[in-house]
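Let's take a friendly look at how two protein chains can sit together. Have the picture open as you read on.

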There are 2 protein chains.
Amino acid sequence: MNSPDIPQNRRIVLASRPSGAPTPSNFRLECVPVPKMGAGQVLLRTLWLSLDPYMRGRMSAAPSYALPVAVGDVMVGGTVARVEQSGLEGFSPGDIVLSYDGWQDYALSDGSGLTILPAGMSHPSRALGVLGMPGFTAWYGLLKIGAPIAGETVVVAAASGPVGAVVGQLAKLHGATVVGVAGGAEKCRRVREELGFDTCLDHRAPDFAAQLAAACPKGIDVYFESVGGKVFDVVLPLLNTFARVPVCGLIAHYNDGLYDNKDAVQASDRLPAFMGQILIRRLRVQGFIIMDHYSELYAEFLHDMQPLVEDGRIRVFEDVVDGLENAPQAFIGMLEGKNQGKLLVKVSS
Amino acid sequence: MNSPDIPQNRRIVLASRPSGAPTPSNFRLECVPVPKMGAGQVLLRTLWLSLDPYMRGRMSAAPSYALPVAVGDVMVGGTVARVEQSGLEGFSPGDIVLSYDGWQDYALSDGSGLTILPAGMSHPSRALGVLGMPGFTAWYGLLKIGAPIAGETVVVAAASGPVGAVVGQLAKLHGATVVGVAGGAEKCRRVREELGFDTCLDHRAPDFAAQLAAACPKGIDVYFESVGGKVFDVVLPLLNTFARVPVCGLIAHYNDGLYDNKDAVQASDRLPAFMGQILIRRLRVQGFIIMDHYSELYAEFLHDMQPLVEDGRIRVFEDVVDGLENAPQAFIGMLEGKNQGKLLVKVSS
């Protein structure tokens with residue numbers, strides 16, 4: 001039992017590693033005392049927690065591009081936080097910062113990796129979305145790898161999500177024909193009507209393959225991949241000569257043992273044929289992890305993107321979940337495609 | 001029967017499409033009259049015919065990046081030829097030209113696609129090898145896609161072939177550690193001792209995978225792919241983060257139904273896992289067909305490569321077969337890995 005007199009830090013830890021889709025039992029809410037700030041530190045109060053698909057990878061012990069979260073450790077995640085106490089030059093109580101504090105109310109920091117956000121920023125949560133990691137992912141993958149030119153056809157997986165929504169709108173601004181793919185009629189409607197994609201198709205439709213072919217009469221020049229699975233299978237035969245496929249994620253496979261190839265179910269190996277298509281159609285297929293590019297290109301991204309967001313040329317959807325205790329269920333739902341936009345947990349106001 | 005008085009053009013036509021590896025019965029040697037030159041044409045006498053793996057693709061009806069050779073048509077191929085008669089301004093009898101006349105003694109041309117080679121060029125056959133399509137393929141794929149930096153590890157498939165030999169030597173000149181892969185001890189010895197690769201491994205060795213891992217203690221940064229099959233399978237787990245894989249050919253699959261995926265034999269589908277590796281390791285896998293890049297970059301290539309060849313920094317092997325009638329057998333042998341270097345048919349002197 002914790003004394004009610006001691007300020008509490010609620011935190012959500014990895015209770016066990018999921019096998020397949022995560023369940024609530026893989027998470028545990030703990031209450032511990034708020035950590036005591038030392039010299040050269042700041043104490044941060046989480047305001048917003050970002051929930052993102054990559055976190056599924058961190059829950060597994062399989063090798064990936066980042067270390068897994070240890071069982072019993074706090075789940076990782078990007079956050080917007082307020083400085084509560086400061087023992088660190090350059091930070092004052094009340095400053096709003098972009099941080100990486102994970103799924104908890106309070107965290108200590110020595111300042112490394114913290115970015116102070118502009119005072120009075122109207123939507124600080126955007127630092128976790130369109131002006132943060134998802135937006136930067138969209139911008140880098142589309143412009144630095146996909147590089148669409150006017151008149152080309154760009155297909156965007158997970159088109160209503162925080163990456164896909166920005167990819168499609170940027171591609172429209174570059175003069176491309178943009179076809180989104182999303183799960184469900186309502187998502188597709190919003191992508192068409194509110195984000196201005198030329199069209200958006202529901203991958204759950206039984207005739208999805210035929211619909212996609214009809215929507216891309218000139219083939220596909222850029223496929224922005226974040227999903228994998230059956231959407232990729234349907235896209236592949238439609239790729240044009242010199243098509244580019246930036247790969248920023250494969251959410252359809254995060255629960256299916258993809259990375260260790262345990263659960264492959266196709267009867268035959270399509271890898272040699274895929275290499276043949278890469279050759280014959282001169283495809284460029286390139287993976288990227290946006291963390292690699294912050295020092296080199298984040299400033300250029302912000303310079304490009306901020307005016308587009310401010311004047312409304314790039315629109316964003318946010319799905320806000322209230323309360324840290326609801327993060328696990330929201331995260332599980334996101335992996336099932338239930339969110340309608342950038343998923344954020346409002347941890348404190 | 002052709003009259004002995006009429007000059008004959010021997011030509012090798014596609015008699016039938018191969019199923020699997022080509023056999024001599026897929027080719028037919030025909031004798032027809034030498035074609036009569038019209039106004040605005042030149043009559044060319046073939047001196048050298050280049051034999052290259054891509055020709056296997058042209059023998060199939062399956063869709064590829066170029067039209068198939070029709071059954072009954074002359075097999076296509078790059079040639080060095082002498083102008084016998086000229087009705088075309090700018091061409092004089094005796095000029096030596098780079099042309100694309102195919103497997104025959106004589107051809108007509110309206111001049112399109114012809115390049116006059118410098119008079120007195122010591123080795124005009126090099127225009128079909130190190131200074132032609134294979135050399136350009138090596139240069140483009142290595143420098144424009146692979147882009148190795150000093151200290152990186154470059155692995156080169158088909159290292160003794162006309163592309164691989166140039167790839168490895170260029171990579172050495174750029175300061176990379178270069179590991180060749182070839183079929184057989186003698187090829188490997190020549191690649192090591194005569195071309196100066198750091199090492200060269202025989203992919204037929206039972207412990208080839210272990211040998212390659214030992215030869216690449218820091219992993220692989222660039223894999224120059226022209227082979228596919230088991231070499232690729234062994235390379236894949238050794239690719240480093242940010243590795244580049246230029247793909248210019250897949251000779252191991254040309255006879256196995258790769259392109260229509262008929263003959264896949266693996267029990268499980270490795271494509272999703274491959275996409276996962278592309279993401280996690282930020283791989284860039286890119287196919288290219290050198291014909292796409294002549295107008296843009298051939299001059300730059302020649303400017304770079306000619307001095308390297310002339311002063312011996314880039315060495316080349318040539319395998320010369322005497323007589324057009326021996327082209328089919330030489331071609332079949334090349335697909336089995338029997339040639340030791342750039343395969344050329346000496347059609348006339």
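Chain A and chain B bury about 3,600 Å² between them, 68% of it on carbon and sulfur atoms. Buried area is the accessible area (1.4 Å probe) that two parts lose on being put together, summed over both. This is a predicted model, where local features need pLDDT of at least 70, side-chain atom pairs count only at pLDDT 80 or more, and totals for chains, interfaces and linings use all residues. Residues are numbered from 1 along each chain as its sequence is written, chains are lettered from A and ligands numbered from 1 in the order in which they are written, and side-chain values use heavy atoms, leaving out hydrogens and water.

Here is the contact (heavy atoms within 4.5 Å) in numbers:

| Item | Value |
|---|---|
| Chain A in the contact | 40 residues |
| Chain B in the contact | 40 residues |
| Chain A with chain B | four salt bridges |

A salt bridge is a side-chain nitrogen of Lys or Arg within 4 Å of a carboxyl oxygen of Asp or Glu. One of them joins the side chains of B:Asp269 and A:Arg270 (2.7 Å, N to O).

How are the copies related?
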